[in-house]
Amino acid sequence: MLTQTHAARWTPRDFVEASQTGGLYTLVAYLTMLAIFVLELVSFLNPGFYTVMGIDESGSDSIQINFDVDVHDIECRHLHVLVFANNGQEKMSTWGEDFWLRTLGKGGTAYGVATKPQDMFMEEEIGRPKLTHEKEMMDIRKQDGEKEIDADWDSSHDGFKHNSFEHVIQGHDFTFINFFAGWCSHCMKFSPEWAKISEKVNSKDGQGGMKFIDRDGQERGVRMIKLNCVDFKETCREKAVDAYPSLRLYKADGSFSVYDGLRGEVEIIRWMERTIKMKSYGWATNAEALEKGCNAKGRLQVPRVPGHLEIMAGGGDQTLNSRMTNVSHTVKHLSFSDPDDGRYHRKSWSYLPTEVVSNLSPLDGRAYATTSFHQAYIHDLKVVSTIGWRGQTVYQFRHQGRVSTVPEHEIPQAQFHYDIEPFSVHVKQDHKKWYEFWTSMMAILGGCFVVMKLISRFSLFTTAQMKLSGKPQSAHRGMSIGHFE
């Protein structure tokens with residue numbers, strides 16, 4: 001022991017003398033130094049990061065936009081993904097286009113096969129259940145008149161009353177309605193074909209016309225009627241008609257199925273035959289039940305200049321009703337990357353600080369719903385290139401969203417305006433050299449020992465003083481100065 005050595009004579013007594021308090025402070029000192037050593041070692045093995053800002057010197061002349069967006073109320077055949085220059089007029093040339101569209105059901109669940117935008121015209125097989133409405137149908141036809149029930153709603157001044165759309169539906173086994181607008185170019189183009197088909201399908205004075213076999217083997221008639229949504233705008237609004245021409249096959253109970261195939265005689269008649277005869281699903285009593293959305297997912301490579309990505313509604317084989325078009329959407333993913341990253345752009349996000357990764361796709365999982373018609377969300381994005389400590393290039397961006405009100409005659413569009421900043425952020429590792437680590441480690445441990453020693457000495461001194469102050473004083477005390485007998 002140290003107390004038994006020759007050097008102990010020259011060492012302070014309280015340093016070599018064992019005590020319970022000294023042992024406790026020694027244990028605390030060892031534990032403290034061990035904790036500091038572990039923390040410093042973890043810090044050395046897991047270095048931090050710092051950032052440096054500089055001029056953007058990227059050699060690439062293009063950038064890749066990665067997107068996965070659900071548009072809840074626009075069918076895929078009406079949806080386009082385009083990139084425009086910042087002035088909003090010039091369409092940018094894109095290359096490396098690799099994106100797909102997939103239909104969304106009412107609940108937002110994707111179904112069917114994802115297709116390229118040009119391959120969207122797909123038919124669906126739908127059917128109908130048995131109808132037993134002959135008596136009700138005859139009563140309505142007798143009440144309103146045969147001609148009133150069978151007449152086109154071509155004009156509000158054609159001599160017919162057109163009081164009840166529901167009576168028109170209830171007065172036939174099946175009614176195939178063509179909702180159109182006089183100013184719609186697609187409607188004008190389809191009009192001659194519709195006239196030819198209706199001439200073949202409709203009966204005249206109860207004679208002729210085509211008959212369709214239902215699921216029970218019974219012959220059923222179909223009445224083809226066109227309805228002018230300009231003159232009868234309230235009816236079209238109640239039925240949630242949002243595009244022209246819209247073709248619906250109604251059953252007498254008011255449920256209907258939507259035809260969205262090619263508008264040719266052969267295709268339409270074949271679809272009606274199959275719909276009336278086949279399965280019982282695909283019918284609904286309101287438009288919302290058959291509303292379809294679209295998921296657009298993929299990537300586009302565009303020039304590395306400011307522009308805006310537009311999820312564009314319209315341009316399909318129907319003319320959308322601007323008063324009913326809703327471009328509410330959910331951003332499942334949106335980010336920017338180098339074109340060389342391709343579909344595996346998230347690989348370059350590895351080994352980056354958490355605060356950087358959180359700004360690479362800050363819109364993910366957010367929903368943007370408009371509250372009224374003639375509104376659209378505009379997203380303003382400030383994009384900053386970021387160079388990782390391993391040399392990988394990623395893009396952080398900040399987002400500011402706003403709701404824009406568009407003129408009544410224009411179709412709302414969801415837009416993502418992006419502006420690429422002229423500077424870049426370089427992420428550097430704050431890594432210590434091994435000799436710096438050991439130097440700082442020894443200094444910290446030495447400082448910890450000295451502090452614990454000072455605390456120990458102060459504690460021992462305080463304890464000793466308290467013991468002295470607690471002893472009784474002597475009864476024989478000397479005369480104090482100034483005491484006289």
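Analyst: **The cysteines and the sheets**

At 2% relative accessibility, cysteine 236 counts as buried. The term buried stands for under 20% relative accessible area, exposed for over 50%, and partly exposed for anything in between, with a 1.4 Å probe and protein chains only. The model is predicted, and local features need pLDDT of at least 70 and side-chain atom pairs pLDDT 80 or more, while totals for chains, interfaces and linings use all residues. Residues are numbered from 1 along each chain as its sequence is written, and side-chain values use heavy atoms, leaving out hydrogens and water.

Cysteine 236 is joined to cysteine 229 by a disulfide, S to S 2.0 Å; the term means a pair of cysteine sulfur atoms within 2.5 Å. This link is left-handed, with -85° about the S-S bond. Cysteine 229 is buried as well, at a relative accessible area of 5%.

There are two disulfides in the structure. One of them connects cysteine 76 with cysteine 294, S to S 2.1 Å, and is right-handed, with 100° about the S-S bond. It links distant parts of the chain, 218 residues apart: cysteine 76 lies in the loop between β2 and β3 (79–85), and cysteine 294 lies in strand β11 (residues 293–303). Strands (E, at least two residues) and helices (H or I, at least four) are DSSP runs, numbered from the N terminus. Cysteine 76 is buried at 5%, and cysteine 294 is buried at 0%. With the bonded cysteines numbered in sequence order, the pairing is 1-4, 2-3.

Two further buried cysteines are Cys184, with a relative accessible area of 0%, and Cys187, at 7%.

Next come the strands. Five of them form an open sheet in the order β6-β7-β5-β9-β10, with mixed pairing; two strands pair if DSSP finds at least two bridges between them. β6 (211–213) and β10 (256–259) are the edges, and each has a single partner strand, so one side of each lacks a neighbour in the sheet. From one strand to the next, the twist averages 30°. Within the sheet, β5 (residues 174–180) and β9 (residues 246–251) pair in the antiparallel sense over six bridges, and phenylalanine 179 stands opposite serine 246 in β9.

Helix α6 (residues 185–201) packs on this sheet, touching β5, β6, β7 (219–228) and β9, and its direction makes about 150° with that of β7. Contact means heavy atoms within 4.5 Å. Axes are lines fitted to C-alpha atoms, for helices over the stretch in contact, and angles run from 0 to 180 degrees between N-to-C directions. Helix α8 (residues 265–277) packs on the sheet too, touching β5, β6, β7, β9 and β10; its direction makes about 45° with that of β6.

Last, the cores. A nonpolar core is a set of buried Ala, Val, Leu, Ile, Met, Phe, Trp, Tyr and Cys residues joined through side-chain atoms within 4.5 Å. The largest has 39 residues, of which Phe67, Leu334, Phe336 and Tyr418 touch the most other members. Strand β2 (residues 62–71) gives the most to this core, five residues. A second, separate core of 19 residues includes Trp153, Phe179, Val241 and Phe256.
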